[in-house]
Amino acid sequence: MKRHLPHGEDITLLDCVTRAAQQLTEAGVVFGHGTQNAFDEAAWLVLWRLELPLDTPLEPTPDADAPVSTRLVTPAEQAQVAALLKTRITTRKPAAYLTREAWLQGVSFYVDERAIVPRSLVAEVLVEGSLDYWLNESTHRVLDLCTGNGSLAVLAALVYPEVMVQASDISADALEVARINVERHGLHERITLHQGDGLPDHGGPYDLILCNPPYVNAASMATLPPEFRAEPALALDGNTAGGVDGMDFVRRLLQAAPAHMTENAILVLEIGNEHTHFEAAFPSLGVIWLATSAGEDQVLLVTREAMLKLP
């Protein structure tokens, strides 16, 4: 029996990515899980499908030692890319769930549908040193609450090699993904995993608490694009206690946190686009807003002392 390869001609990597980007645009897919536009997502999917490094040049370069930059994509490979694009478009799953990999601050993490795709802005303030002013040689215990796939716990352990990190989540499934990443980065001796709803009852007191909690308000939850509905709702929905402003978990956290913190400890909290709802819920709480690539109103720092003053 003869095999018939797809008809067509070899095309350049750039042409392949450009065509893929056009397909994604025409299909109306939504980005935000590691990329912000069709071209970047197309490059990710094409290069992954062709088993090429994600930093592969898409246009030819004069570097004779980098022949991959002039690599052509065969009709058979174009068919493989087309199949992957079809899956992305028809399922509307984030690309990270298809490739089983996501990158945060240049660090690779395994991810699948059991955990939210890592994209927390807290990673920026960790890696860029924005927290260093509030930390010192007495910083020993760190808690990553709502850890998901464990990415913030791993980054904290990498940035601060002297600390011990506890990574906690309500989801046993998410913690299985986190376990993969802890082992992947060789940090099993410094990161412990804990399953529970809210602050752990052991492992503290903590010098630093990191938290990217569920904070999406009820109206936004009702209109989430399919890509975001493909993620565990438990990691997004901030209204599980009957509220509508997305602050249910945050209210409980701010009241309970001081009892689990050392005297000069800080809490770093991501609230995303819920700045207005946060300030309405906690009008008297003194917080410090931290600059990120998304602006200065999505990640905040609050001291234990400030939280003790909450009514």
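**Helix H1 and its two partners**

Tutor: Let's begin where H1 meets H3: on the H1 side are Cys-16, Arg-19, Ala-20, Gln-23, Leu-24 and Ala-27, and on the H3 side are Gln-78, Val-81, Leu-85, Arg-88 and Ile-89 (contact means heavy atoms within 4.5 Å; helices are DSSP runs of H or I with at least four residues, numbered from the N terminus). Seven residues of this contact are nonpolar, two are polar and two are charged (Ala, Val, Leu, Ile, Met, Phe, Trp, Tyr, Cys and Pro count as nonpolar, Asp, Glu, Lys and Arg as charged, and the others, Gly among them, as polar).

Keep in mind that this is a predicted model, where local features need pLDDT of at least 70, side-chain atom pairs count only at pLDDT 80 or more, and totals for chains, interfaces and linings use all residues. Residues are numbered from 1 along each chain as its sequence is written, and side-chain values use heavy atoms, leaving out hydrogens and water.

How do the two helices lie? The axes of H1 and H3, residues 75-91, cross at roughly 20° and come within 11 Å (axes are lines fitted to C-alpha atoms over the stretch in contact, with angles from 0 to 180 degrees between N-to-C directions). H1 is therefore roughly parallel to H3, a label for angles under 35 degrees. The crossing of H1 with H3 is right-handed, the near helix being turned clockwise from the far one by less than a right angle.

Now turn to the other partner, H2. H1 covers residues 13-27 and H2 covers residues 38-49; their axes come within 8 Å, crossing at roughly 125°. H1 brings Leu-13, Leu-14, Cys-16, Val-17, Thr-18, Ala-20, Ala-21, Leu-24 and Thr-25 to the contact, while H2 brings Ala-38, Phe-39, Glu-41, Ala-42, Ala-43, Val-46 and Leu-47. Sorted by class, these are 13 nonpolar, two polar and one charged residues.

Finally, zoom out for context. The C-alpha atoms of the chain fill a box of roughly 75 × 40 × 35 Å along the principal axes.

Methods
Parallel < 35°, antiparallel > 145°, perpendicular 65-115°, else oblique.
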